[in-house]
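Here's a quick briefing to read alongside the model. Have the viewer open and follow along.

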Amino acid sequence: MSTLDSILRETRSFDPAEDFRRKATVSGPDAYYALCEQADDHYLSFWGDLARELISWKKPFSRVLDDSNAPFFKWFDDGVLNVSYNCLDRHLAVNANKIALIFEADDGDVTRVTYSELHRRVCQFANGLKSLGVSKGDRVVIYMPMVIEAIVAMQACARIGAIHSVVFGGFSAGAVHDRIQDAGAKVVVTANEGLRGGKIVPLKAMVDEALAMPGSETVIATVVYQRTNNGASTWHDGRDIWWHKLIDGQPESCEPEWMQADDPLFILYTSGSTGRPKGIQHSSAGYLLGALNSFRWVFDYKPSDVFWCTADVGWITGHSYVCYGPLGMGATQVIFEGVPTYPDAGRFWRMIEQHKVTTFYTAPTAIRTLIKLGAELPKQYDLSSLRLLGTVGEPINPEAWMWYYEMVGGERCPIVDTWWQTETGSAMIAPLPGAIATKPGSCTLPLPGIMADIVDESGAPVEPGKGGFLVIKRPFPSLVRTIWNDPERFKSTYFPEEFNGQYYLAGDSANRDESGYFWIMGRIDDVLNVSGHRLGTMEIESALVANPLVAEAAVVGKPHEVKGEAVVAFVVLKGPRPTGEEAKRLTAELKNWVAHEIGKLAQPDDIRFGDNLPKTRSGKIMRRLLRAIARGEEIAQDVSTLENPQILSQLQESAS
Ligand code: ATP
Ligand code: MG
């Protein structure tokens, strides 16, 4: 059948340090396998017990799973709860004065907020939203910088049962408009301006532009948080209201709206690496359970931790591991307004030192950038508070993993490489760090209760070492409930007929090694077919990144008369972009390198050098655009979620 060939051989493996293992919540492999067995044997009571243990219910549920209308699954459906109550109120009895948020602004200013203070702020803003006429089920678009108020706005929506749709503050007016229109938003929450890397982001002006476009008529009010002293460029009386005026005089408590377990908590549009973004609709209880449980297991959460996830709340990672998971567990966390390279590439390391961060979670793109800009910089900081590191968003190339492990983690911190998606709501495949040995480049093993597998086109499991479709064979609580306004697309995208509509199809390709570890090979859409061998993108890219000169690489296929497809590689060097003779020499060198590392089959026919690669705003490489460039095609595709559009012309010109 149509499996993939795996060519990468990675043999390094790292057991958790003895001290880490001893103190871990899930300690040693036996504990992990025992949990898996429980889930296998008693799937529903496994999840039911966790839901009773981790969530505070207003009214308990009587049924765990309703699969009568598959794939529109319902979990805990007659249970009643409020997510914001679970994130705030329930901590107040003992942890009212615990720090919830350590906010570091772009300019370095630090603000600390306790749980009781956060509760007060959320209640006031929730009352403010109600005064505008927002009620249960209404949609609120949140288009904010990464500041405390972004989290307050999300929690306030959860408190009154409004469905939030957070739009990343780096998106343009067009992207904001599309999301407002698709969600039928009633209110937009924004800031006059944002600050990122010393630059001003004109958020309010973008909202004005978005609201001027047809299709935004559902919006009755925009709430504007004053982040900078500049005021707002334009003002629409009767529609626009300042945040501080809205909450002025509002009561400091707000009775939560009690929700059915499956009532939608939020919609979040996927990051758009592969096409038109989808409005991923998540539930209240099932989603919360996934966020809480994965947070405590994968990050081995301890009440004394200082957790820092660098993701913006505009991404699912910022929902599950900033807004909901850590707050739901009563954690102390750092949130950061700025960017890793401002004022210099030591920013992250300085912040870890200053705030004594114990658990640090970031993206491979940030790691590769920081290697390129200052591989030795972490040495200048005291990073001894760290005990655990994590990554998410893309496959991490083994050499970047090794650098992270050695230079940042001091060879003492396990790395949790967490595979998951907007659609899965919480981490799916990731090591429980006190239980499982890690291998650079592998997300290791599924969490207990997650029935992940790799299958061929007919749905049959593939043998170890062969790549295929990554699927999850049973529904789980934090799985997407539907695509907003598009149930048909939900069914055909995620539960296609080919697999009898039974398996959740993730859209990624992966293989498993002899010990059952998962290795993500890339997106199904990006698979290459070279001389009859189907190859994922990740392995060839990782071979390139293993070369000491290379910082980042992306590979795509282009049609080839003999081979079917030829490999084209786009490469960013650690040093300056080479041109002319130098580029030719390096092209030959890198071709040989790949042939030597993983085989002649994977050798690129063509290598192009850029200062950077086209990426989504969340830092993911957009291979579909590179494919068009490699083929010399016009770029007729949607580039609205692209971080750096100007890079496209450089890569087009660099054709030799
Ligand atoms: P779209 O679905 O609109 O194309 P997207 O898939 O980039 O956008 P996300 O849900 O943010 O949107 O990203 C999920 C994807 O990111 C996964 O399907 C996978 O391809 C990749 N990914 C995330 N974490 C990892 C990881 N640890 N290892 C490998 N790949 C990962
Ligand atoms: Mg996706």
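A residue counts as buried under 20% relative accessible area, exposed over 50%, and partly exposed in between (1.4 Å probe, protein chains only). This is a predicted model, where local features need pLDDT of at least 70, side-chain atom pairs count only at pLDDT 80 or more, and totals for chains, interfaces and linings use all residues. Residues are numbered from 1 along each chain as its sequence is written, chains are lettered from A and ligands numbered from 1 in the order in which they are written, and side-chain values use heavy atoms, leaving out hydrogens and water.

**Confidence**
- The chain averages a pLDDT (the predictor's confidence in each residue, from 0 to 100) of 95, with 99% of its residues at 70 or more.
- On the model scores, ipTM is 0.99 and pTM is 0.96.

**Around ligand 1**
- Ligand 1 has 21 residues around it (a heavy atom within 4 Å), and the closest are S273, T274, D417, T422 and R523.
- Polar contacts here are pairs of N or O atoms within 3.5 Å.
- A nitrogen atom of ligand 1 sits 2.7 Å from a polar side-chain atom of D417.
- The side chain of T270 places an N or O atom 2.7 Å from an oxygen atom of ligand 1.

**R474**
- R474 is in the loop between β23 (466-472) and β24 (482-483); strands are DSSP runs of E, at least two residues, numbered from the N terminus.
- With a relative accessible area of 36%, R474 is partly exposed.
- Beyond its neighbours within four places in sequence, R474 is in contact (heavy atoms within 4.5 Å) with Y43 and M451.

Technical notes:
A polar contact is a pair of N or O atoms within 3.5 Å; within protein, one must be able to donate a hydrogen and the other to accept it, and residues adjacent in sequence count only if both atoms are side-chain atoms. Helices (H or I, at least four residues) and strands (E, at least two) are DSSP runs, numbered from the N terminus.
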